[in-house]
Amino acid sequence: MGIDFELLHKMKGVIECPIPDRDIRRFDANLRLFPPFIDNDLCPLTIKNTILQSCYLRNTEWVCGVAVYTGNETKLGMSRGIPEPKLTAVDAMIDKLTGAIFVFQIVVVIVLGIAGNVWKDTEAVKQWYVLYPKEGPWYELLVIPLRFELLCSIMIPISIKVSLDLVKSLYAKFIDWDNQMIDQETSTRSHATNTAISEDLGQVEYILTDKTGTLTENRMIFRRCCIGGIFYGNESGDALKDVELLNAVSSGSSDVIRFVTVMAICNTVIPVKSKTGAISYKAQSQDEDALVQAAACLHMVFVNKNANTLEINFNASIIQYEVLDTLEFTSDRKRMSVVVKDCQNGKIFLLSKGADEAIIPYACAGQQTRTFTEAVDQYSQLGLRTLCLAWRELKEDEYQDWSLMFKEANSTLVDREWRLAEVCQRLEHDLEILGVTAIEDRLQDGVPETIETLRKAGINFWMLTGDKQNTAIQIALSCNFISPEPKGQLLLINGKTEDEVGRSLDRVLLTMRITTSEPKDVAFVIDGWALEIALKHYRKVFTELAILSRTALCCRVTPSQKAQLVEILKSCDYRTLAIGDGGNDVRMIQQADIGVGISGREGLQAARAADYSIGKFRFLKRLILVHGRYSYNRTAFLSQYSFYKSLLICFIQIFFSFISGVSGTSLFNSVSLMAYNVFYTSIPVLVSVLDKDLSEKTVMQHPQILFYCQAGRLLNPSTFAGWFGRSLFHAIVVFVISIHAYAYEKSEMEEVSMVALSGCIWLQAFVVTIETNSFTVLQHLAIWGNLAAFYIINWILSAVPASGLYTIMFRLCTQPSYWITMFLIVVTGMGPVLAIKYFRYTYRPSKINTLQQAERLGGPILSLGNIEPQPRSIEKDVSPLSITLPKNRNPVYEPLLSDSPNSTRKSFGSSTTFDFFPSQSRLSSSYSRNCKDN
Amino acid sequence: MSSNVPSSSSGAAGSADSSAPRRNSKRPKYSRFTQQELPACKPILTPRWVISAFMLVGIIFIPIGVAALFASREVVEIVDRYETECIPEEFRNDKVNYIQKPGNKPCNRTLTVPKKMKQPIYVYYQLDNFYQNHRRYVKSRSDEQLRNNDSASDTSDCKPEDYANGAPIVPCGLIAWSLFNDTYNFSRNNEQLSLNKKGISWKSDREHKFGKDVYPKNFQNGTLIGGAHLNESIPLSEQEDLIVWMRTAALPTFRKLYGKIEVDLQINDTIQVSLENNYNTYSFNGKKKLVLSTTSWLGGKNDFLGIAYLTVGGICIFLAMAFTVVYLVKPR
């Protein structure tokens, strides 16, 4: 406003502002300065005048400001949700198992406590040497149960939490370290912000992905244009190299010149001149950047922007424009305009650009718009982003009238956005449409392959984009998201009213139910408006639809809708992964079980909010198939093993109590017990973080194997029951052999205790060995080194006269019977385990085993095509994707749908005439899964 | 650590590393560990491997089992259960009363040597149904007091046998208090067999756990008399019966060494045992046995290991053969 620096601190005024809210895109306030500085005028303040909390200043040294909101009342403070701590499915399962063990422990304690009291009352009173007092206080009854509680407290391994935290942070480190997940262009590494949820990566069932910047590079390149009915760039695919266009520019064809002028001016881009004279552009929108760059290539160089004047260098002559007003882009208006004044002749122009449906209807009466509509169709079928450019010359008085209204609207406090839109509307009509631009947003490298691989792995993809439907469908086609007809089928959900949407939903659902039995890719497409209605009124139907469909495209969705979709999938008990790159994905990322941010061109907002940040979409494959899968496998083993070893020692204690008068005597001394849990048994299992059941290459080639992780095949109550049984069996083996081999004259407490303990240590070493799939040096070191360390530590303890263990270990180690006993324990304990494992491996191999055999014997890898159906039909509600069929994707993306909604309906309508395949069992299972959360 | 060997073999990661611009200083050096590419051996359960493992174990186990069983059978053992026979007929209805009466309760037993026994012959007493591992019992001792003369009053763990008549008991606790007190004297053909009672306890116990200057004090002076009395003029380190008794047994059936006979016993020798039947196992129906036994490299007579080895070895060979047959019939 041009206030002197000295006067700044004398300024007085009032700011009228709304109460704090969380909407960072709006700030509708007024500033009223007191005299004498400025006449008592209302001065509108918008979000453009505000600096949000924790912003950086760019291109300027300083700013002066007034703090309007502070602390937690800032926009950022208000919208800062408290992120819930994420609990992985594995953790939840471990908690469940811990609960089960706890119940088991209580039962054991109660049973043994009662047995102990009974024994005491009937037997112990006769054992005079125990000297039980005749009459004890009432709480004497509790002593024996409490003793057992103490003995059984080791049943729940405390070390599991520590071990899990340790290995989880290592999983995260492996992600950080991975050299194959570095984005070479920007040298950004992948990073795991949340170190606790790596296992969930291996259990992902749904991926919700943003489009722009996630699947695509978000590097907009001007490719084609249609000016006044003439198509440029159709042959070469690059309009900037089209000789005709270049000729037209240099010959000064007025249509083309105006078109290029609009490209160069109608934007909010700021040119920045570097010291060398090269001009770079600061643009909020990548599209505008692309347009300005393209205009520069066409010799219309946007050179400078000074306050309100623009300078354009066209063919070495400088043209100046004064920007009178900027009619901002909003997602409702879908267009933006500027009003500029040509400084040479004083003429005022309205320059507009926007989506076709926001421009073409406002064309001036006489203009033919058919070619432009066709151009838009053609371009969007190629997956290009289209913008229509238009202009109109304004009369001086028309502008003046309008300008007043605009100012007034700008300073309203209530409904400013709506009022502004209305005022803008009054100017943006009778446009002369200049042409259509087509901007390409290239797919990132490896996106189709990544999606194909991950879909083979049984992961369902949903694309949530703010883009328009056609563009979204084309992108989806080009990246294997959906298959073209006849393999794939797109079902459209649309409608403007509740009824329409409801009918549409029902129709789609019916088709879905019919087609689930066919090996067909069925996807549904829904736009933001219909989604809003569907979520509000037909949540249940929509949820069922969500369960049935493997693929969905949601277009024109807002950030909060993205988050709601995640919520719906989560409520059906699916593991969701949301991946995005921009600020509009943040909510979805935070909502999902796993949030992955792409540290891309839209800044780091998403990457910051995410649990994992990667440089490129294609790293997702490695993140899930390699890191997620290994993490799950390793944690599954580690956690169950931790329960196994705790149960093992606890069972021995329980058995011992039966031969010690159910009095709660501990067979093992406290030092051994502690060392057993935190040392002897924790170290070897920690190196399981290096275990690989299959090589990375094999997993990548056979992504279906991820199913074992998704379905939780490696950690569930039944596998746990196996480990429980194993620990019971091993406890019996150790106990029976120890007390029989060391009976009679050898039955000395410390010796028997050490025999049993070393039996446990030997067994656990072999258990880790047999459960390890790949041995590295570290594994050998940990397993056998631990065994050696056990002896060394106990020898040291045996050398200390004050310890209870004095000489015990030396005595034992010199007895042949000790070693013979150990040998017997190991063989008796491991023999059945090995036999069962071998039998399963050879005669009931899981697909993992089959791949292991193929991988190591170098034989032909058997077809795994049938991996999904049998387990899927019970647990999953997704139709098996026929993987064996070769994909015959056309290199030229054939339009799956023509633009008109009629043809969509046609394809939809034809599908409803299919014979009805009853698939009741599938449906009922899907319902039961669905309903438990409703 | 071998994990720091730079990669030469793995093309993908290695080349990615070299081609990448070295802009990011945070990048850790490539190592096989960080890339999870440590060379690993990945054994799988091939039939050949599993079958030969079972076969091998079986082949090793059976000879060991035979040897163990042989060693156990070599051992000559005489077991004489005497707790009922040593009570005169008229007291058999009320054994507890009999045993608790003061006075000597002599008893004579005759043993016949079934086989030649080479010296040393170990003499054990065996108690059944005696819970030395009971929680109240096993903790009721003070190692500090046993080791050190100055710690006589360190009796906190010894309740209820910690103090008697206001003075600490040495050795305190239930274990010492219930010391076994049957005594045995052996004679062969009316000729005294000398019983060596030195060195029956662990050397380490005598030297480090039981003090040379700790003498029994105030022992068995309470209202309840438990087991044996101790000679107050002999230090604890030489009270070997006590030291043996204080090594508590882990099982309710156990043998404790009483002494060694250091002459060979010939076949059909008759041995007269004159014993003092003092110890009360009658109130809990415990058995008392006198055991004379030789020893082998595996210890005393215990068939368990031998039989277990033969069984497990047999099962292993059976499994190996079964797997082979199954494999030949149906490879997978």
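Predicted model: local features only at pLDDT ≥ 70, side-chain atom pairs only at ≥ 80, totals over all residues.

Reader: How many disulfides does a search of the whole structure find?

Author: The search finds 2 disulfides over all chains. One of them joins Cys86(B) and Cys107(B), with sulfur atoms 1.9 Å apart. The pair links distant parts of the chain, 21 residues apart: Cys86(B) sits in the loop between strand 1 (77-81) and helix 3 (95-100) of chain B, while Cys107(B) belongs to strand 2 (residues 106-112) of chain B.

Reader: Is the link of Cys86(B) and Cys107(B) left-handed or right-handed?

Author: That link is left-handed, with -70° about the S-S bond. Both Cys86(B) and Cys107(B) are buried.

Reader: And which cysteine forms a disulfide with Cys158(B)?

Author: The partner is Cys172(B), and the sulfur atoms of the two are 1.9 Å apart. This pair also links distant parts of the chain, 14 residues apart. Cys158(B) lies in the loop between helix 5 (143-147) and strand 4 (163-164) of chain B, and Cys172(B) in the loop between strand 5 (167-168) and helix 6 (174-177) of chain B.

Reader: Why does Cys158(B) count as buried?

Author: Cys158(B) counts as buried because its relative accessibility is 0%, and the limit for buried is under 20%. Cys172(B) is buried as well, at 1% relative accessibility.

Reader: What is the pairing of the bonded cysteines of chain B in sequence order?

Author: The pairing is 1-2, 3-4. In chain A, Cys650(A) is in no disulfide; the nearest cysteine sulfur belongs to Cys152(A) and is 4.2 Å away. Cys650(A) is buried, with a relative accessible area of 0%.

Reader: Let us change topic. Which residues does the UniProt annotation "binding site" cover?

Author: According to the unreviewed UniProt entry, the "binding site" annotation covers Asp210(A), Thr212(A), Asp581(A) and Asp585(A). They span 376 residues in sequence, yet no two of their C-alpha atoms are more than 10.7 Å apart, so they gather at one spot.

Reader: Where is Asp210(A) found, and what does Asp210(A) touch?

Author: Asp210(A) is in the loop between strand 5 (206-209) and strand 6 (216-227) of chain A. Leaving aside residues up to four places away in sequence, Asp210(A) touches several residues, including Asp581(A), Asp585(A) and Lys562(A). With Lys562(A) there is a polar contact between side chains, at 3.3 Å. Asp210(A) counts as buried, at 5% relative accessibility.

Reader: Is Asp581(A) buried or exposed?

Author: Asp581(A) is buried, with a relative accessible area of 1%. Asp581(A) is located in the loop between strand 21 (576-580) and helix 19 (586-591) of chain A.

Reader: Turning to the backbone, which residues does a cis peptide bond join?

Author: One cis peptide bond joins Gln119(B) and Pro120(B), with omega about 0°. Another joins Lys159(B) and Pro160(B), again with omega about 0°. Pro120(B) is in the loop between strand 2 and strand 3 (121-127) of chain B, and Pro160(B) in the loop between helix 5 and strand 4 of chain B.

Reader: Finally, which residue has a positive phi although it is not a glycine?

Author: Asn218(B) has a positive phi of about 60°, and Asn285(B) has one of about 55°. Most residues other than glycine have a negative phi. Asn218(B) is buried, with a relative accessible area of 13%, whereas Asn285(B) is exposed, with 62%.

Notes. Residues numbered from 1 in each chain as written. Chains lettered and ligands numbered in written order. Heavy atoms only, no water. Disulfide = S-S within 2.5 Å. Helix = DSSP H or I, 4+ residues; strand = E, 2+ residues; numbered from the N terminus. Buried < 20%, exposed > 50% of the residue type's maximum accessible area, 1.4 Å probe, protein only. UniProt positions renumbered as here; feature names shortened; annotations may be inferred. Contact = heavy atoms within 4.5 Å. Polar contact = N/O pair within 3.5 Å; in protein donor to acceptor, adjacent residues only side chain to side chain.
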